[in-house]
Amino acid sequence: MGNILSGVEGDDAASASPNASAGRRRDPDDGHQPSVTGLHVRRRLSRLVAAAASPAAAGIHGEGTSLDVVKGSDGNYDAADAPDDVAGEEGTDDVGQDDYEDDVTMVDRKVLVLGGGNFGTCLADHLSNLGLDVTLWARDPTVADSINLSHCNAKYMPEAKLDPALKATSVLDGDTIAAADVVLQVLTQYGPHLAPHQLLLFVNKGIETASGRLPCAVVDELLPQQLAAAATYLSGPSFAVEVVRRQPTCVVVASRRPEWAKRAQRLFHAPHFRVYTSADVVGVELAGAMKNVIALAAGACAGLGFGQNARAAIITRGLAEMIRVGVRLGADPLTFTGLAGAGDLLLTATSESSRNFRVGRLLGRGETLTEVLRTLGSVAEGVETARALYALCRDLGVDSPLCDAVHSVLFGGEDVKHAVARLMGRGPSSELRGISPMMPGAENR
């Protein structure tokens, strides 16, 4: 078996290969597949630095456009060096010390990140900067060499200076997998070397074309039940280059086992990198896949010269389709209002750094998909995800006119202007159709 997931994305601003699409096994070094594994489990969050009421008390100091992390006498970030009064307030969803009174008492120290692309590199750098023992595996030996010798990923992030303590290798074996406390982006051929105590973290975003399954469903099939049940999934608005620059970022980690989500939260949480937990694995995964398709539509509107009204309409109506598909799959509708849903959608559908947005913009300007591929050198994940999503919506019987239009433009030869006219020319309907029956107070809508 090959790489565990299809449609691996992780950082929409990263460069992708032609095979970096949903339904295909991704190369961990293709620039989008991040493989990271986190460690550092602390029993009480009050000892893990978060953003305190006073920035100075939390050790947050402005330096350009980044946040400096408070460090101990050894030069590394350590929870023991943090003030005790930085936990979230009781009754809020912020991280607080009471959240960590669970039975996970081991301390994660050794992290293995599988994949030397943009997002794998940025997460490995982040964890190394927090003082963890991090090794990044890259398929390309030149990537590993540049990280070890120059502290930079010359192939994918040449401008970013990485943490000097970060190690890289192009050699991977079962012993290396087994020795890690945390493995980020598992390769299925090494399944026999995984153990129940390890934190397995996935950052894949997409839908498998052949089966219509989300990454979590593929994990459920390919890993033993005990490992799959504890798997953790990270998502949210997080361009790799901004994470490396220590710019404020918020993400969500989802797991069917709450204590494992908290374990991942403790591993990654830092003053510039807030981590929230969720039990809605399906919702978090679906949002990460669908936002790429909606970003294509937003980019196409920009390419046609439409203004902000059209972009806002695309985002909100796309979000409605996301929720409709999600509730049919059993997801919590509120998940799509959070970081994995609205947060990541806003980032991807509005940023010029988003590859999906750029592909859509070129399509809106009249280029064919073949011409776009030639211009950019690769295609964004949203292209193949649109194909898989179209089939999934047909199977579920979900009304998805916006995503259907994207599919028609990409694979049916429909002109973008004609697709927009067709969408706008549909009959009037309720804004919450297909959603409101799932929500409280539906009888009043």
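Predicted model: local features only at pLDDT ≥ 70, side-chain atom pairs only at ≥ 80, totals over all residues.
1. The residues of H15 that are buried are Val416, Ala419 and Leu423; they cover an arc of only 60° around the axis, which puts them on the same side of H15. Lys417 and Met424, by contrast, lie on the other side of H15 and are exposed. As background to this pattern, an α-helix has 3.6 residues a turn, so residues three or four places apart point the same way.

2. The largest pocket also involves helix H15. It holds about 610 Å³ of space, and helix H8 (281-303), helix H9 (308-328), helix H14 (401-411) and helix H15 (416-424) are the elements that each give two or more residues to its lining. There are 30 lining residues, and those nearest the centre of the pocket are Ile314, Leu402, Leu423, Met424 and Arg426. In composition, the lining of the largest pocket divides into 21 nonpolar, 3 polar and 6 charged residues.

3. Helix H14 deserves a separate remark on account of histidine 407, which is found in this helix. Is histidine 407 buried or exposed? Its relative accessibility is 15%, and because the cut-off for burial is under 20%, histidine 407 counts as buried. Leaving aside residues up to four places away in sequence, histidine 407 touches Ala386, Arg387, Tyr390 and Gly412.

4. Helix H2, which spans residues 141-150, has Val143, Ala144, Ser146 and Ile147 as buried residues. Seen down the axis of H2, these buried residues fall within an arc of 165°, so they line one face of the helix. Thr142 and Leu149 are exposed on the other side of H2. The cover over the buried residues of H2 includes strand E4 (133-137) and strand E5 (167-169). Just after H2, histidine 151 takes a positive phi of about 55°.

5. Glutamine 185, which is not a glycine, has a positive phi near 70°, and its place is the loop between strand E6 (182-184) and E7. With a relative accessible area of 0%, glutamine 185 is buried. Arginine 246 is likewise not a glycine, yet has a positive phi of about 60°; this residue sits in the loop between helix H6 (240-244) and strand E9 (249-255). At 12% relative accessibility, arginine 246 counts as buried.

6. How many aromatic pairs does the structure hold? There are 2 aromatic pairs, and one of them is formed by phenylalanine 202 and tyrosine 233, whose rings are stacked at 5.5 Å centre to centre with 25° between the planes. This pair links distant parts of the chain, with phenylalanine 202 in strand E7 (residues 199-202) and tyrosine 233 in strand E8 (residues 232-235), 31 residues apart. Phenylalanine 202 counts as buried at 0% relative accessibility, and tyrosine 233 is buried too, with a relative accessible area of 1%. In the pair of phenylalanine 268 and phenylalanine 273, the ring centres are 6.3 Å apart and the planes stand at 40°, so the pair is tilted. Both phenylalanine 268 and phenylalanine 273 are buried.

7. Finally, some values for the chain as a whole. The protein chain has 15 helices and 10 strands. Of its 445 residues, 58% are buried. Among the contacts in the protein chain with a separation of 6 or more, 70% are accounted for by residues 24 or more positions apart.

Methods
Residues numbered from 1 in each chain as written. Heavy atoms only, no water. 1 Å grid on protein atoms, 1.4 Å probe; cavity = no way out; pocket = protein on both sides within 12 Å on 5 of 7 lines; lining within 4 Å. Points joined across faces, edges and corners; volume = space filled by probe spheres on them. Helix = DSSP H or I, 4+ residues; strand = E, 2+ residues; numbered from the N terminus. Nonpolar A, V, L, I, M, F, W, Y, C, P; charged D, E, K, R; others polar. Buried < 20%, exposed > 50% of the residue type's maximum accessible area, 1.4 Å probe, protein only. Arc of directions from axis to C-beta. Contact = heavy atoms within 4.5 Å. Phe/Tyr/Trp six-rings, centres within 6.5 Å; stacked < 30°, edge-to-face > 60°.
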